[in-house]
Amino acid sequence: MVDQQCQDEKRTIAEALENEHVHKVYDQTAHYFRNARYKAWPKVGHFLNSLEPGSLVADIGCGHGKYLDINKTVFTLGCDRSAPLCSIAQQSGHSVVVSDNLRLPFRDACFDVVISIGVVHHFTTVQRRAQALKELGRVLCPGGRLMVYAWAFEQKHRTVAVGFNFSKRKMFWCRGATNIKSRNPSLLHKRYYHVFREGELGGLIETFIPEMEILESFFDHSNWCVVAQKNGV
Ligand SMILES: C[S@@+](CC[C@H](N)C(=O)[O-])C[C@H]1O[C@@H](n2cnc3c(N)ncnc32)[C@H](O)[C@@H]1O
């Protein structure tokens, strides 16, 4: 009973933190992405372009949708918690659904490929990161492949907050509380990130999605990337 109360409290705090320092920040800065031309990371593009034509792909945490039309021979469905970002993706002609990575609105084993680029690091507890990864594995069909990117500890912008300066319309990294306070706080939107140590992301996948086999793990664009395959035909 006390244990359950503790769990509930922990969840409420985690949700409040993510609402304030992840979802609200993406919602408030979404309009910036309307005309922005962010380049796809080459290794993600290469992975998507290597897929078999006709594959059904889910991009969980798709943002404004930069990976949704990389490979025009596959069908890609985007999913994001931010309604304003989904609306931008939709206006570019993409198929998207507003939903939470922790409770994906899809049946088990329905996608050939799932990608999660820069999303899992936004969950504030290990239980929530594990739950997010479990959901990615659940919706993947046997034999299906998963690509996950999450921010690395082993990089120069090792920090827990990324600022967004509205007047300059650009993001910047803050190394610590002093730096954050020294800037005009009204211009700052601090985003929460968990930084993964080498092996941590793969370890979580192996522990919480035992039916996945890790095919590849590498460092790219200050993130750790894991490519894994679900057992079965
Ligand atoms: C760093 S952005 C990456 C966007 C996109 N994957 C890309 O690489 O351009 C992180 C995205 O994760 C989304 N996100 C954060 N928490 C989420 C959650 N619980 N469920 C679904 N999406 C979430 C944010 O709204 C945001 O669009």
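Predicted model: local features only at pLDDT ≥ 70, side-chain atom pairs only at ≥ 80, totals over all residues.

Residues are numbered from 1 along each chain as its sequence is written, and side-chain values use heavy atoms, with hydrogens and water left out.

**Around the ligand**

- The ligand has 20 residues around it, and Gly 61, Lys 66, Asp 80, Asn 101 and Ile 117 come nearest (a residue counts if one of its heavy atoms lies within 4 Å of the molecule).
- Lys 66 uses its side chain instead, with a polar atom 2.9 Å from an oxygen of the ligand.
- The protein covers 92% of the 590 Å² of accessible area that the ligand has on its own (areas by the Shrake-Rupley method with a 1.4 Å probe).
- Sorted by class, this shell holds 8 nonpolar, 8 polar and 4 charged residues (Ala, Val, Leu, Ile, Met, Phe, Trp, Tyr, Cys and Pro count as nonpolar, Asp, Glu, Lys and Arg as charged, and the others, Gly among them, as polar).
- Helix α1 (residues 2-29) gives the largest share of the shell, 3 residues (helices are DSSP runs of H or I, at least four residues, and strands are runs of E, at least two, numbered from the N terminus).

**The largest pocket**

- The ligand takes up the space of the largest pocket (on a 1 Å grid over the protein atoms alone, a pocket is an open set of points with protein on both sides within 12 Å along at least five of seven lines, and lining residues have an atom within 4 Å of a point; a molecule sits there if more than half of its atoms lie within 2 Å of the grid points).
- Its volume is about 1100 Å³ (the space filled by probe spheres set on points joined across faces, edges and corners).
- Of the 41 lining residues, Tyr 26, Lys 66, Gly 118, Arg 191 and Tyr 193 are closest to the centre.

**The largest cavity**

- There is 1 cavity of 30 Å³ or more (a cavity is a set of points where a 1.4 Å probe fits but cannot get out).
- The largest cavity holds about 40 Å³ of space, and Ser 217 and Trp 224 are among the residues that line it.
- Helix α6 (200-208) gives the largest share of that lining, 3 residues.

Methods: Polar contact = N/O pair within 3.5 Å; in protein donor to acceptor, adjacent residues only side chain to side chain.
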